[in-house]
Amino acid sequence: MKSKLNNLFVFQNRTIRDALEALNDTAEGILLLIDYNGKLLRTVTDGDLRRLILTGCSLVDTLESLPEKKPIVASYLDVPISLLAEMNRNGINHIVLVDSDYKPTGIALRGDIDKSILLSSPHMGDEEQNFVAQAFDTNWIAPVGPNVDAFEQELAGKVGSSYAVALSSGTAAIHLALRVLGVERGDVVFCSTFTFVASVNPILYQGATPLFIDSEPESWNMSSSALERALIDSSQKGMLPKAVIVVNLYGQSADFDKIIDLCDKYGVPVVEDAAESLGATYKGRASGTIGKIGIYSFNGNKIITTSSGGMLVTNDESLAVKAKFLSTQAREPVGWYEHKEIGYNYRMSNILAGIGRGQLKVLEDRVNARRAVFEQYQNLLHDCVQIEWMPEAKFGRSNRWLTALSLKESNIDVGSIVKAISKENIEVRQLWKPMHRQPVFSEVKYYKHEEGKSISDELFKSGLCLPSGSNLTQAQVKRVASVLRNTLESM
Ligand SMILES: *Cc1c(COP(=O)(O)O)cnc(C)c1O
């Protein structure tokens, strides 16, 4: 947008002529009618003014003659893709952004958003539509069918796991993992604090209590020293956890040898939240296959996607069978509907599994493309001394799902960097806000990496993710890098 937002404001006491002149001067094709408190009443376009004149108003009449019309607005916090969806829904090319007091903070224009660069957008290959078409042709439009079975086999084969169960989401997979491991009301489950809330919620679905474990600086994933202290304390209290959920953040595996050794010592199973790390490795093994149970997500922003979906993998046949049983309403294998347990409707649809089969074929390409995006950023910004890139631990290969970095200067406010870059229609995000900082988990116990040193807090305060999609062009990565550089220089 070329003009200042203030120039677009008009009050109801102005005349139609004033408004026409303002439209002419600002050349945005829109004015914002506001009340004396600065709240948005409606938008005004040339067409609105023309209609007024056709109904008999003259140029000296005021804008009070305009009929009331609820403007289509969005929150200034909305991401570009949802603004675009809202424009499409309403057949319009701009949306006024308002704050919680309904005061305009900006206008989103379709032209600008079309130029926007998203954090991680879906990237389809060539074969997805064939698998989906097969499902249509054979009328397998259900959460059962040949694509579901084939997707499970193909994914299990790819990661080298004995069993895979295709589910409706990664969250559902974590929930079933806890369920089949016997997590119940009153149990405790440890979980990485530095993660997305979906890692933790299933603990609460089971009525169990979470306990949060900090990260280590080498991998940004679970700190084995914090885990060890938590296990020692819990064992002394006779309250060992029923499971430990270890998250592989931003596409990098946690350092599992240490974690599994500790958990084995106390006989606690590990659930590996590999939602973000499909295609990564740990000491030559596929990420997601190290824990007793691993889970993947195929949500729209993940490295491969089925639009939404998830997978549970394990080498334990009985756990896989139980998970599949629970995902289909716990229906007993008899000729009528017989239920001895409470199950869920968590199975993946045969249509979505078709998308998954196509996506799985290009997984390696997607990993390589994301790693190339990371390298391009690193090269373009190598002289920015404030930037510390997320390290790649020696024990494996990250899929670089998101290019993540932290800023060394402690006085930098990452919130305002995100805001400044968003103004350029580039979607950047702060790193995950640790779970022990979430109001909803304010009562939950937390173990820091070291006494007086909380790694996840430091990362949250100083870190960012950059647009990292495998379908970004080199020119887009360049644009992001230069906007980031300019923003840092201006801070
Ligand atoms: C995306 C994600 C999930 C949840 O997966 P859904 O398929 O969206 O339910 C869980 N954990 C982490 C770390 C994630 O990034």
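Trainee: How many aromatic pairs does the structure hold?

Mentor: The predicted model has 13 aromatic pairs. Take F194 and Y250 as one of them: the ring centres are 6.5 Å apart and the planes stand at 75 degrees, so this pair is edge-to-face.

Trainee: Where do F194 and Y250 sit in the chain?

Mentor: F194 is in the loop between β8 (188-192) and α8 (201-205), while Y250 is in the loop between β10 (243-247) and α10 (256-266). They are 56 residues apart, and the pair links distant parts of the chain.

Trainee: Is F194 buried or exposed?

Mentor: F194 is buried, as is Y250. Y250 has 1% relative accessibility.

Trainee: And Y250 with W432, why is that pair called stacked?

Mentor: Because the planes of Y250 and W432 are at 5 degrees, with the ring centres 6.4 Å apart. The cut-off for stacked is under 30 degrees.

Trainee: Where is W432, then?

Mentor: W432 lies in the loop between β18 (429-430) and β19 (446-447), 182 residues from Y250, so this pair too links distant parts of the chain. W432 is partly exposed, with a relative accessible area of 23%.

Trainee: Which residues do ring pairs link into a cluster?

Mentor: The cluster consists of F194, F196, W220, Y250, W401 and W432.

Trainee: Changing topic: which ring does the charged end of R331 sit over?

Mentor: That of Y337, with the charged end of R331 3.8 Å from the ring centre.

Trainee: What about R400, which face does it lie over?

Mentor: R400 lies over the face of F374, 3.5 Å from the ring centre.

Definitions and conventions. Residues are numbered from 1 along each chain as its sequence is written. This is a predicted model: local features need pLDDT of at least 70, side-chain atom pairs count only at pLDDT 80 or more; totals for chains, interfaces and linings use all residues. Side-chain values use heavy atoms; hydrogens and water are left out. Rings of Phe, Tyr and Trp (its six-membered ring) pair if their centres lie within 6.5 Å; planes under 30 degrees apart count as stacked, over 60 as edge-to-face and the rest as tilted. Helices (H or I, at least four residues) and strands (E, at least two) are DSSP runs, numbered from the N terminus. Buried means under 20% relative accessible area, exposed over 50%, partly exposed in between (1.4 Å probe, protein chains only). A charge sits over a ring if NZ of Lys or CZ of Arg is within 6 Å of the ring centre and within 35 degrees of the ring normal.
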